[in-house]
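Please find below my notes on how the chains of this model meet.

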Number of protein chains: 4
Amino acid sequence: MSYRSLGIGLVGTGFMGRAHAIALRSVGGVFAAVPPPRLVHVVDADAGRAGQAAEELGFLRHGDDWQALLEDPDVDAVSICTPNHLHHEMAMAALAAGKHVWCEKPLALTVDEAAGLAAAAADSGRAHLVGFNYAVNPLLSLAREILSSGEIGEPVAFSGRYYEDYMADPAVPWSWRCDRSLAGSGALADLGSHLVHLLETLLGPVETVTGHVSTAVAARQDPVTGAMRAVENEDIASAHARLASGVPATLDISRVASGYKCGLAFDLFCSRGALRFDQERMNELQLFEAGQRPGRDGFRRLLAGPAHPDYAAFNPAPGHGLGYNDLKVIEARNFLCAAMEGRAAWPDFSDGLRVQRVMDAIERSAAAGQAVRVEANE
Amino acid sequence: MSYRSLGIGLVGTGFMGRAHAIALRSVGGVFAAVPPPRLVHVVDADAGRAGQAAEELGFLRHGDDWQALLEDPDVDAVSICTPNHLHHEMAMAALAAGKHVWCEKPLALTVDEAAGLAAAAADSGRAHLVGFNYAVNPLLSLAREILSSGEIGEPVAFSGRYYEDYMADPAVPWSWRCDRSLAGSGALADLGSHLVHLLETLLGPVETVTGHVSTAVAARQDPVTGAMRAVENEDIASAHARLASGVPATLDISRVASGYKCGLAFDLFCSRGALRFDQERMNELQLFEAGQRPGRDGFRRLLAGPAHPDYAAFNPAPGHGLGYNDLKVIEARNFLCAAMEGRAAWPDFSDGLRVQRVMDAIERSAAAGQAVRVEANE
Amino acid sequence: MSYRSLGIGLVGTGFMGRAHAIALRSVGGVFAAVPPPRLVHVVDADAGRAGQAAEELGFLRHGDDWQALLEDPDVDAVSICTPNHLHHEMAMAALAAGKHVWCEKPLALTVDEAAGLAAAAADSGRAHLVGFNYAVNPLLSLAREILSSGEIGEPVAFSGRYYEDYMADPAVPWSWRCDRSLAGSGALADLGSHLVHLLETLLGPVETVTGHVSTAVAARQDPVTGAMRAVENEDIASAHARLASGVPATLDISRVASGYKCGLAFDLFCSRGALRFDQERMNELQLFEAGQRPGRDGFRRLLAGPAHPDYAAFNPAPGHGLGYNDLKVIEARNFLCAAMEGRAAWPDFSDGLRVQRVMDAIERSAAAGQAVRVEANE
Amino acid sequence: MSYRSLGIGLVGTGFMGRAHAIALRSVGGVFAAVPPPRLVHVVDADAGRAGQAAEELGFLRHGDDWQALLEDPDVDAVSICTPNHLHHEMAMAALAAGKHVWCEKPLALTVDEAAGLAAAAADSGRAHLVGFNYAVNPLLSLAREILSSGEIGEPVAFSGRYYEDYMADPAVPWSWRCDRSLAGSGALADLGSHLVHLLETLLGPVETVTGHVSTAVAARQDPVTGAMRAVENEDIASAHARLASGVPATLDISRVASGYKCGLAFDLFCSRGALRFDQERMNELQLFEAGQRPGRDGFRRLLAGPAHPDYAAFNPAPGHGLGYNDLKVIEARNFLCAAMEGRAAWPDFSDGLRVQRVMDAIERSAAAGQAVRVEANE
């Protein structure tokens, strides 16, 4: 298959669908190597919303039938931006229809679903990408370069947190996020999936985990019925992980972490240095290099700039600030280039399956009260 | 004049031209109230670059003749993203051709030029906007709301800095930025214009200034001839200003400020509180409210979120980070809405003229060794 | 027993012994309520060092015989500032001799030792205090006030870290700290003891723990023999804890955490707010109060000041900065006042025993691979 | 004259007097090279307070007659910790009595007074020191080392601020600080004196200044009479300074800077790097070194540690935090060593005179509306 430009189908026009579309409209202007894709077809369960989105975002066609979209021959690649529980069915169908697939995270609700997707994707010969957007930050690409260069030695330990407070107030009403059949796990799926992905991106596969989960607010008011309704998944999850490399890691995840808005953060300790990152200051990476002159060492604040991967495409000047939406543009580039060039995208469905396996192991460990081994992808 | 959608002409396809185009492609998806503009015509002095930009950014026509672009009847509005010394001629012609004009900063090289533009713009009945992008940050809109609400009392003093280090290294070669006929003043025009605009946006017009300028690196190597060549404008400028309201302000501006990449920052002290901002952490505003319980006061870090002006259009979740390019989208919205609705844009050419007057007064004061009064716009 | 002023005996004249002596010399001037103690007798294994310390610090008598010091009738209270493995014997003897005892942390090497000390101390009727100096920080006293006032609701979760890098470099030689018989555990005893104490101070007793330990540098060079020698205790320890109140906590401790110098830090999440603290910025406490106006919430940086417990004795002005040695002055006040007034000091030997029990449980859990219950003090 | 140990007389037992006494009690224990001084005689206008201080701080004699103290033959050195307007008379008398003199800042109310003191001090052969305590911070000694080593090149520009908010609230009553005859200037004398001293310490003498002063709160309520009373000196002062070396500097000083508690801060830009400091985080110095690998530069946070001047005397471990009172101990060491060794102390009365000259020039410039030359010390 060869393309001059990819035709895009978008499923779902909420915040995330719009973020995909805006990124797809920008990507050709930002990255000169990417032929601008054609926005062909957009669908939403609400046909009116789909029509409005088509006009605002510049899609040629719109409707409320995602299967029709998959049959549209002008659609080469599909963005799946629907609620979590629909990812599996839609992505399977999209792969079956021969489309490249960009699916939002979490890839699926269960390991079985994710394994099915990863297998189908591997067999499809199409590009497939999971929307772990934080990991494509130029400063995290820099972090990977620093690690692989050996300039700060070998990894010694990792400590990661992902704190948000969107459910900290007990008065926040019950929602689909509290429903295991719609959301899967709680903080773990919504926030922890990013953290686990980041950990494996930086340090390779997790081998064993010991997990703990708890629900701080046991029941919340149903906004429809007014009745109190049980929260079926965890508000807080934490884990000790041992990587295949032997490096120990701790993970702490909470959706009831008052005061934090996007607190995805880590310390990565190495034998001759360290890295610190905090998504709330996503344009900064803290680098410590051991072995400076006495009295001259300390964490150094690197501000994102054109010397870092991908940044220069956005801005020729350092320190001018990328935002969340720019990460989506990088993600779009990853997806489109992989699709055009017939090679694997990053992060792909097998990465999504890895994350699902680790999250599942954390939940199983928490239930069993002992360490659990994470299965390897085949 | 009424429009369903504006046709855009873009002059200049460097970084800033691309930033305008990307913003114009995104603005309809971000702000539902804005009909997506049509990207009609792009020109660049280098016709090949114009063609490439047209393809990457989705313009219908391209060329190397900006006057032809102004004659294009499908072009309703023009973005001027050329070097500083071309702003005046092009913007005058664009207004004369009946176009709405979005011009990059600084508006002009001299007060006379800026005054001519402001007068022509006022007479034109068209929308006109100067690209002081930092000021449209949701957190600075919040700052204006906080000030006007009186919740932290009356302004007492302002201290502003804009530090960058792009010319800190004496080995940085001579460039057009060092040439008064091409750049106008130095750090003052490039950086100070933003700071002066921000000051007047927050606190109203400056009435008198006492200024100081100096050139840290007197000569730089000409990259063409290899010879040392005099730097004709200042590396460092500072000023004491007194506002019409009587509030004192200090301004400190440098392009040789080692370590700073985008250090536009201020302290704004009021009678019952204070605000602090730093563009290098553009998603944070520090708010101090006096009168808390003893032992409970302190600067509070507000992270940009959907409760702040314009943010929700980008992201429904707080703390997820806007970037430089998002500011350009807000600016595009300001421009397009004004043009569509036949009302004044913000910040407009009269604001650009005000800034030019203050910068000019700083230079005159530095030369005269005494305070200088800033002329009012008519 | 009643005193006009206490006579002090000091055992050990290294850094910590000097810190005690300096604090004891200052405490009467800082806290008007404390009659200045008399520095009576100082001993060190090296008699010459004892003599020098006596002169520099103003002790009346000196020597190398700690038992003689205990027999000195002018000594009412003893500071024990010797290596860890001597604490138990000396503190037992001091209590037996009827002295008040200020013992450095960790209180002992084992739970048995600590339990013996706590029992003897309880029976003695004398004041006893363990040197968990970080916890007496005015801002942590404030944290306790905030918690107990209920102003930020009920505790939801705690995440604590204590990172230092003094053994991060594999070239750091083997020392007594690597020897289990002299140091007990590794990072856990040296750093973790402070963190566990802080956790229990803020949130009450730990009920169960799941622990993990690892040694990043398995062997280090013996500085005497030049041979590589096994490190007998852990470089890194982490734990999940469940408090008696049901609140979950995570602890992460490392002495190989490159870049950190005194990284004792925590997040304490409550139902209506949160607290953050970092010992490297010991004069700051971050307070988040939920329920602010939309767009006005965020972490507020409280700078230590006279509105906070104990600060005003040092300085009438806020923000002027306390240091490590000032914490020792507060500790001295706690000790001396308790001794003078015949009441319990804080933190006392039973607190030290609690900490020992939790650390022991973490090690036992790590060995057993499952959660372990922490025994209660009788 | 030779001493085994100096006898100390202290005049004034408020906060600052106590700070001196506590430092003098500690200095021998902290700095092994300093023979502990003998606290001989303390006086206060209130004899009862003097008696209480004598007991709490360990002085042998006390009273309310400072002239009697000066006649005390056991007093070798005098600490003057009285209100500003008394400094001149007392310090002159102390020098005349042959005492070494440690005088709090500002040295005097006027240039004439300061010049008289500097001359008398120079003639006396005694040690004399002015209490510019912030400048003796180990990290600022490090800053001086870095500057003089040339490792970050030549100075290019300095920007300094000193912000506090102790008079920000208009309801703060009138006090002696508002009275020119008792306080001299306002923010300038109280806060600016530290900043000017720091500037000259780092970069050498100021040659010309252009100053601006303003009073934000024109009248305050007299706490005795209840009537409104004019504030006779400035709340806010700012200046542009040109150093003898040609380097430009800006100074901004305010006692109505809401939210700041001890905001003495500067940026010092050099040709190959920069330094940043903020007294509210007094254990941190930010160092920028140009010329790192691309993408690896940034400000590095140096935490105070034993590799920095004077720190190791307080603590063998880095990052453990010095406080305000520790700075006074270093100051005491500077004073006592100079006195014992018959050499000049730092900062001495000639430094105090320099500061007075610069402050005076700022005020004169503000009145004249033009730049003013700072007289050199003879």
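1. Buried area is taken here as the accessible area (1.4 Å probe) that two parts lose on being put together, summed over both. On that basis chain A and chain C of this predicted model bury about 2500 Å² between them, 58% of it on carbon and sulfur atoms. A:Ser258, A:Tyr260 and A:Phe269 supply 20% of the area that chain A buries against chain C, more than any other three residues.

2. With contact meaning heavy atoms within 4.5 Å, 39 residues of chain A touch 39 residues of chain C.

3. The interface of chains A and C holds 2 salt bridges (a side-chain nitrogen of Lys or Arg within 4 Å of a carboxyl oxygen of Asp or Glu). One of them joins the side chains of A:Lys261 and C:Asp297, at 3.6 Å from N to O.

4. Chain D can be laid on chain A with an RMSD of 0.0 Å by a turn of 180 degrees and a shift of 0.0 Å along the axis, the superposition being by least squares on the C-alpha atoms of residues with pLDDT of at least 70 in both. This is the relation of a two-fold axis, and the C-alpha of chain D nearest that axis belongs to D:Arg300, 1.9 Å away.

5. On conventions, the model is predicted, so local features need pLDDT of at least 70 and side-chain atom pairs count only at pLDDT 80 or more, whereas totals for chains, interfaces and linings use all residues. Residues are numbered from 1 along each chain as its sequence is written, chains are lettered from A and ligands numbered from 1 in the order in which they are written, and side-chain values use heavy atoms, with hydrogens and water left out.
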